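Subject: Structure for you to look at

Hello,

Here is the structure I promised to pass on. Please open it first, then read my notes below.

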Amino acid sequence: MGWLFYTDGRVQNYADEKAEIARLCTFEGDPRKTELVKACKVGSTWYAAAKVTNLDGTPVEDAAYVTDADGSITFGAVFLTRYDDGCWGYKDMEESAGPNESRAPLGLIELLSDLKDPDSYAQDWRQRCRNWAAIPDYEEGDKIRLATPVTLTDGSTCQIVTATHYRRGRQKRRCYRIEETGGLVRLSKATLAGSELLSSAKGAASPVLAEFLAGQGG
């Protein structure tokens, strides 16, 4: 399915978007109904968990999903969104289509019904979401070894870096100090996948405490 844009201006902000995602995930027809369980926006992409139940109360039988204890199944959906000349638009796909966007929060993934095929596109998509969520959120001063060396714009590479920051105006922005040169580099979250924490800022002694203890020893 391609993109669908609304020209009537009904979607103008985050609340409007969330309400529209809920509407798109809620429908009823013989013999089933579908309703939104949870929706989360990451960047410009909405991730949704939608529950399907039979109107007559019997368990839902599905070729792809294992029926939950309450007789329902819950599947994942992805909505790519953007604004074009003030008009909001979306492109939707189910998890079984293997969406490229795979940053759904773990809390949403955990709501989805088990899959019957361990090698399905949906299973691969869920794992990519889990892999993204597993990327550490390093703290100031943490020393890190990247899974693979990163090539910089000057052709050099770096693999061991320390989390730090720089300021642009009043804003504090995350960057990383290169172990070999002391230079600073910006790294995307994807670059940190598979990285290893070499030393933690939390584990380091406070400089003030270290000075105090040194004085006590004298």
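**What I found**

The chain exposes about 13,100 Å², and carbon and sulfur atoms supply 49% of that area. Accessible areas come from the Shrake-Rupley method with a 1.4 Å probe, and for residues only the protein chains shown count as cover.

A word on the source. This is a predicted model, where local features need pLDDT of at least 70, side-chain atom pairs count only at pLDDT 80 or more, and totals for chains, interfaces and linings use all residues. Residues are numbered from 1 along each chain as its sequence is written, and side-chain values use heavy atoms, with hydrogens and water left out.

**Overall shape**

The C-alpha trace spans about 80 × 45 × 35 Å along its principal axes. The radius of gyration is 24 Å, whereas a compact globule of 218 residues would have one near 17 Å. (That radius is taken over C-alpha atoms; the globule rule is 2.2 Å times the number of residues to the power 0.38.)

The domain assignment, which is automatic or from a database, gives domain 1 (4–134) and domain 2 (142–215). Their centres, taken over C-alpha atoms, are 36 Å apart.

Buried residues make up 32% of the 218. Buried means under 20% relative accessible area, exposed over 50%, and partly exposed in between (1.4 Å probe, protein chains only).

**Strands around E4**

The chain has 4 helices and 11 strands. These are DSSP runs numbered from the N terminus: helices are H or I with at least four residues, strands are E with at least two. Two strands pair if DSSP finds at least two bridges between them.

Why is strand E4 (residues 45–54) largely enclosed by the rest of the structure? Because 9 of its 10 residues are buried.

Strand E3 (residues 32–42) pairs with E4 in the antiparallel sense over 10 bridges. Arg-32 stands opposite Asn-54 in E4. E3 and E4 form a hairpin with 2 residues between them. Gly-43, in the turn, has a positive phi of about 65°.

E4 also pairs with strand E5 (residues 73–84), antiparallel, over 8 bridges. Here Lys-51 stands opposite Thr-74 in E5.

**A five-stranded sheet**

Now look at the open sheet of 5 strands, in the order E10-E9-E8-E7-E11, with antiparallel pairing. Its edge strands, E10 (184–185) and E11 (196–199), each pair on one side only. Strands E8 (residues 157–168) and E9 (residues 171–178) pair over 8 bridges. Ala-163 stands opposite Tyr-176 in E9.

Best wishes
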